[in-house]
Amino acid sequence: MSQVVAFLTRRRGGRGWHWTDIFMWAWLVGGLVLMFGPALWLVLSSFKTPAQLAEFPPTLLPYATEQVAVAGYDKPLNLFTAQLPDGTTRVMAEVRRVGTVSQLVDPKAPGEIFKVNIADRQPVREIRFATENYTQPFEHFDFLQYLKNSVFVTVVATLITLLTNSMAAFALSKYEFRGRNLVLLLIVGTLMVPLSVLLVPLYSVISAVGLFDSLWGVILPTVATPTGVFLLRQYMLTIPDELIDAARMDNASEWQIYWRIVLPLAAPALAVLAIFSVVWRWNDFLWPLVVLSRKELYTLQVGLNTYAGELNVQWHFILAMTVVTMIPVVLVFIFLQRYITAGIAGTGLK
Amino acid sequence: MGRISLTNIDRAYGKVKVLHDINLDIQDGEMLVLVGPSGCGKSTLLRLLAGLDKPTSGKLAIDGRDVTRVSAAERGLAMVFQSYALYPHMTVRQNLAFGLENQRMPKAEIDARITEATRMLEIGQYLDRRPGQLSGGQRQRVAIGRAVVRNPTAFLLDEPLSNLDAELRISTRAEISALHKRLATTMVYVTHDQVEAMTLADRIVVMRAGRIEQVGRPLDLYNEPANLFVAGFIGAPRMNLLPCKVKAAAPGTVSIEGPGGLSTTIAANGEALKPGDDVTIGIRPHDMTIGMGSKGALEAQVTLVEALGPETVAHTLTADGQKLVAVLKGQQLDGAGGAVKLHFDPAMAHLFDRSGQRVTYVRSK
């Protein structure tokens, strides 16, 4: 413990606070709040009741008013700390509220009703997590079906993305042919065309080939990503050509060179692309919304949209389900992040 | 069998021609060393042999079969790369087995061949390691092992020792030589190091700028270099090459004059020479002595003496600025030398004409 304290209070030059020490702390704490604050806010808010979400000023932690069962009343009553007309302050249960007047009873002696102005009473609150935000959607809402669709779209699209992009990248990095750079330029050039421009023609194509209202219609248009081809190609350029020559001498076919030499060595880049692809496909909203019309085909993101009605947005459900949909992306990052930095391609040489 | 013949091989990359009309016959079972300065086309030639590159024109045959357009895999050759090119994601065993698996060889035979090769190269204890966990010398052995298990018609080795440190290089060189004797398979070995070439080769091919300068046994190249380039390239320290003028020429003898008061007569074919022609005389540093001897004396100033113990290397400069190196037996020239007289036996000198071609007679031994 003392080591931790010594570490945290270590200062430039050893003694005295230099302005850079203060700046560093401010910078790091500020960064932490900026980066982690919204995520924390989301998670904590997802446990709030609708009433509390609408409350102003907002609180960080989810609270609920304490309740008590009082003899003579069917439902539990909310507890308040009230300033009574005689000047004393007591914890009372509210029977009902009429206009600006609250009718309170003492839980221990429920016979007498006190009338107090609502400004003179404060709710007694405790920290309570509204887990029903999470459980109710599973009961009323086809969450599992949406989850299944989302997982299918994400996994299949990512696998096809990795396969097709790495094949294109292999050809563009390891084969010399006329027009190679032009092809690469065309592929990367498509990055400049935004989805909103493509939406209508893409829809026509999908509907013409009969993929409208099918999960394959969501998957196929997204699998050829210029970013992926470019990223993999740049990585494959660093794989020494001598390895490929050695494989050719070893009677390997071109497919084997790709599958058994280049692909395993490009694993770090593939992992990066896999992370990107999972995040893209999982978070995709506009394109699935356009393609899918039957409710049982909805992906999670489209499904969540049903909570945002024209007149009423069910924030508590949206927040809770957003947290649930974030979990897979977070898991993917945790398990694949080590590939982002690690590279093993160079170790067989010199 | 492993006889490889190249006929009129040309290779050009666009307009840049890197190989000019290469004709070469590689005998079955010989160790042929391709040597030359970097950029001379020796590696390109090896890649053409391997089938990793195709000649622009010409014919390449292995054991009489035309393989000019045959792919690398079907030529039955094995190659050891300069960087070793071991597959970093596979263990040593997988590295060795990869080529055999691709030939759809039965597993039992693959195992037998790997066992045999690892025993021969003493890499048995590393079989389950990856290349990244091996030292340079061990990787080198694995790279050779990968070629050996293939049981190829011929081995192609592209500067296999250049990534090793000096000590390991010498021992590995001896091992490669022993391996060649043991397997008696054709080996084509590329290097830029003439010492490697001299020690390993049955025959040496000296290349320069995409052309073959001379082909021959190591000592033939040393004793009778065909031209100035080979004379300067083979032998260490380099042969002293001095510009001279012909004084008198006859069919059997040529008299020349040169820097440092050089004046001598060499038994050479002077038919094409006439007095006043520019020629170059080549004298190996080891053929020079100090003091004794009357024939062919050169006056020079000693600039540096390297006393190595068994021999002394003297760097000298003639009055007209020609550098001369002499390797003297034993320990001579104590301290800085001053003026010396360098002697040599004209019978051991080499004469080259204006175009750099050798004109000396073949020396009687």
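Reader: Before we start, what should I know about the model and its numbering?

Author: Welcome! This is a predicted model, in which local features need pLDDT of at least 70 and side-chain atom pairs count only at pLDDT 80 or more, while totals for chains, interfaces and linings use all residues. Residues are numbered from 1 along each chain as its sequence is written, and chains are lettered from A and ligands numbered from 1 in the order in which they are written.

Reader: How many helices and strands are there in chain B?

Author: Chain B has 8 helices and 20 strands. Helices (H or I, at least four residues) and strands (E, at least two) are DSSP runs, numbered from the N terminus. The C-alpha trace of chain B spans about 75 × 45 × 40 Å along its principal axes. Of its 365 residues, 42% count as buried; a residue is buried if 20 or more other C-beta atoms, placed from the backbone, lie within 10 Å of its own.

Reader: How do I read a sheet, and which strand order does the open sheet in chain B have?

Author: Strands of a sheet pair through backbone hydrogen bonds, either parallel or antiparallel. Two strands count as paired if DSSP finds at least two bridges between them. In chain B, an open sheet of 5 strands has the order 13-12-11-14-20, with antiparallel pairing. Strand 13 (262–266) and strand 20 (350–352) of chain B each have a single partner strand, so they stand at the edges with one side lacking a neighbour in the sheet. On average, neighbouring strands of this sheet are turned by 35 degrees against each other, direction ignored; axes are lines fitted to C-alpha atoms. Look also at strand 14 (residues 278–283) of chain B, which is joined to strand 20 of chain B by 3 bridges. There, B:Ile281 stands opposite B:Leu351.

Reader: Where can I find a hairpin in chain A?

Author: A:Leu79 stands opposite A:Ala93. These strands form a hairpin with 5 residues between them, and A:Gly87 in the turn has a positive phi of about 95 degrees. A:Arg96 has A:Gln103 as its bridge partner. This hairpin has 2 residues between the strands, and A:Gly99 takes a positive phi near 60 degrees.

Reader: At what angle do helix 6 and helix 9 of chain A pack?

Author: Two packed helices are described by the angle between their axes and the distance between the axes. Helix 6 (residues 180–189) and helix 9 (residues 226–236) of chain A pack at about 135 degrees, with their axes 8 Å apart. That makes helix 6 of chain A oblique to helix 9 of chain A; angles under 35 degrees count as roughly parallel, over 145 as roughly antiparallel, 65 to 115 as roughly perpendicular and the rest as oblique. The residues making this contact include A:Leu184 of helix 6 and A:Phe230 of helix 9. Residues are in contact if their C-beta atoms, placed from the backbone, lie within 7 Å.

Reader: How many residues does each chain bring to the contact between the chains?

Author: Chain B brings 21 residues and chain A brings 20. On the side of chain B that touches chain A, helix 2 (92–102) of chain B gives the most, with 3 residues.

Definitions and conventions
Axes are lines fitted to C-alpha atoms, for helices over the stretch in contact, and angles run from 0 to 180 degrees between N-to-C directions. Two residues are in contact if their C-beta atoms, placed from the backbone, lie within 7 Å. A residue is buried if 20 or more other C-beta atoms lie within 10 Å of its own, exposed if 12 or fewer, and partly exposed in between; C-beta atoms are placed from the backbone.
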